Amino acid sequence: CELDVTYCNCHKDKIERPKEDENPFNDLKISDWKILDDISERQLCQVCNKSRKYFCYNCYVPVPDLQDRVPKVKLPVKIDIIKHSREIDGKSTAAHAAVLAPEDVNIYTYPCIPDYGPSERVVLIFPGKNAVSVENYILSSRVDREETEEPRPKRLNSGSNLPITRAVFIDSTWNQSRGIYKDQRLRDLPCVILQSRISQFWRHQNGSPRWYLATIEAIHQFLLELHTAVWKLSSGGFNITNNTDDIEKRTVPSSADKCDNVDENVTKNSKKEPSTFSNVDTMCSPYSGEYDNLLFFFRYMYSKIHTLYDHEDLKAYKRPLT
């Protein structure tokens with residue numbers, strides 16, 4: 001993966017560093033990412049035989065010396081990533097998800113979009129017109145179900161299915177994502193928006209504020225919010241309401257970073273199968289870093305960038321916070 005940055009050696013517009021930039025990964029449970037320093041030379045991908053440094057961003061597999069050393073993450077839902085066809089290989093963090101969660105992540109090249117059947121409960125992570133928060137989506141779906149089914153305890157019991165089985169992300173620049181969203185196949189999906197979170201992505205985009213996340217950051221944020229929502233529902237901590245007027249609209253379009261040009265439309269090790277949320281039990285307790293390892297490569301590359309450049313000199317971190 002290329003460490004592409006925009007550098008600014010001018011300090012005249014220096015802004016105050018937000019608190020979120022002070023040890024931003026300190027509370028996350030990420031495996032020892034420093035093992036990547038052991039890789040000094042590029043290696044041949046065992047699938048396509050192309051030269052790669054840490055992983056192949058076309059085949060979504062680690063290089064041979066890392067095959068059994070990088071973490072594998074099991075996700076509670078399937079993740080589909082729709083990437084723009086004109087983007088450059090190696091510029092996206094979407095590949096991180098496919099490498100680290102190969103059983104649960106698919107990457108498609110637009111205009112290839114799966115046909116989502118009625119048995120799947122799919123949401124699009126995008127600030128569409130009627131988008132709601134993850135929490136409100138879970139609650140409203142629960143309310144709708146309770147109105148049509150026999151009375152049952154409000155507690156989410158083991159083995160229950162959740163309102164979301166698959167989440168779709170658009171991986172492109174923000175301007176490109178709006179074009180992809182015009183596709184009726186995506187517009188037909190209910191939209192979910194994320195809570196505001198300051199991005200630590202080092203790649204600058206003109207006109208984008210700091211809360212435009214890299215794709216891997218957005219996936220991590222979505223899973224964190226989903227886990228928290230399920231836990232609250234399970235523990236009876238929700239005050240169920242259909243009022244969504246107070247939802248923070250200043251939320252993350254998941255398409256903030258560039259995407260990979262991948263010839264294969266589907267991630268090799270992942271099949272498009274409905275998720276059954278068989279691991280609901282693991283989501284019925286407070287979040288404890290279950291999906292933090294999705295940021296394994298991101299954390300390492302962040303460190304590498306900040307070894308080469310001063311944080312204050314990178315234009316990506318000078319973006320406005322509002």
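This briefing covers charged and aromatic side chains in the structure above. The model is predicted. A search of the whole structure finds eight salt bridges. A search for ring pairs finds 11 aromatic pairs. Asp-292 stands apart from the salt bridges: Asp-292 is buried yet has none.

**Aromatic pairs**

- Across the whole structure, the search for aromatic pairs gives 11. One of them joins Phe-126 and Tyr-181. This pair is stacked, with 4.4 Å centre to centre and 25 degrees between the planes.
- The Phe-126 and Tyr-181 pair links distant parts of the chain, 55 residues apart. Phe-126 is in the loop between strand 7 (122-125) and strand 8 (132-133). Tyr-181 is in helix 3 (residues 174-181).
- Phe-126 counts as buried because its relative accessibility is 5%, and buried means under 20%. Tyr-181 is also buried, with a relative accessible area of 11%.
- Trp-174 and Tyr-212 form an aromatic pair that is edge-to-face. Their ring centres are 5.5 Å apart, with 70 degrees between the planes.
- The Trp-174 and Tyr-212 pair also links distant parts of the chain, 38 residues apart. Trp-174 is in helix 3. Tyr-212 is in the loop between strand 10 (191-193) and helix 5.
- Trp-174 has 18% relative accessibility, so it counts as buried under the 20% cut-off. Tyr-212, at 11% relative accessibility, counts as buried.
- Ring pairs link Phe-126, Trp-174, Tyr-181 and Tyr-212 into a cluster.

**A charge over a ring**

- Arg-52 places its charged end over the ring of Tyr-57. The distance to the ring centre is 4.1 Å.

**Lys-74 and its partners**

- Lys-74 lies in the loop between strand 4 (61-62) and strand 5 (78-83). With 47% relative accessibility, Lys-74 counts as partly exposed.
- Leaving aside neighbours within four places in sequence, Lys-74 is in contact with Glu-103, Asp-104 and Tyr-291.
- The side chains of Lys-74 and Asp-104 make a polar contact of 3.0 Å.
- Lys-74 and Glu-103 form a salt bridge, with the closest N and O atoms 3.7 Å apart. This pair links distant parts of the chain, 29 residues apart. Glu-103 is in the loop between helix 1 (94-100) and strand 6 (105-109).
- Glu-103 counts as exposed because its relative accessibility is 52%, and exposed means over 50%. Lys-74, its salt-bridge partner, counts as partly exposed at 47%.
- Lys-74 and Leu-294 are 220 residues apart along the chain. Their C-alpha atoms are separated by 9.9 Å.

- Side chains of opposite charge can pair when their charged atoms come close.
- Asp-38 forms a salt bridge with Arg-69, the closest N and O atoms being 3.0 Å apart. The pair links distant parts of the chain, 31 residues apart. Asp-38 is in the segment before strand 1 (43-44). Arg-69 is in the loop between strand 4 and strand 5.
- Arg-69 is partly exposed, with a relative accessible area of 39%.
- Arg-185 forms a salt bridge with Asp-183, with 2.9 Å between the closest N and O atoms. Arg-185 counts as partly exposed at 34% relative accessibility. Asp-183 is buried, with a relative accessible area of 13%.
- Salt bridges that share partners join Lys-74, Lys-78, Glu-103 and Asp-104 into one network.

**Asp-292, buried without a salt bridge**

- Asp-292 is in the loop between helix 5 (215-234) and helix 6 (296-308).
- For Asp-292, the nearest side chain of opposite charge is Lys-29, 7.1 Å away. A salt bridge needs the charged atoms within 4 Å, so Asp-292 has none with Lys-29.
- The side chains of Asp-292 and Tyr-287 are joined by a polar contact of 2.6 Å.
- Leaving aside neighbours within four places in sequence, the contacts of Asp-292 are Asp-27, Leu-28, Lys-29, Ile-30, His-220 and Tyr-287.

Note on methods: Residues numbered from 1 in each chain as written. Predicted model: local features only at pLDDT ≥ 70, side-chain atom pairs only at ≥ 80, totals over all residues. Heavy atoms only, no water. Helix = DSSP H or I, 4+ residues; strand = E, 2+ residues; numbered from the N terminus. Buried < 20%, exposed > 50% of the residue type's maximum accessible area, 1.4 Å probe, protein only. Lys, Arg positive; Asp, Glu negative; His and termini not counted. Polar contact = N/O pair within 3.5 Å; in protein donor to acceptor, adjacent residues only side chain to side chain. Contact = heavy atoms within 4.5 Å. Phe/Tyr/Trp six-rings, centres within 6.5 Å; stacked < 30°, edge-to-face > 60°. Lys NZ or Arg CZ within 6 Å of the ring centre and 35° of its normal.
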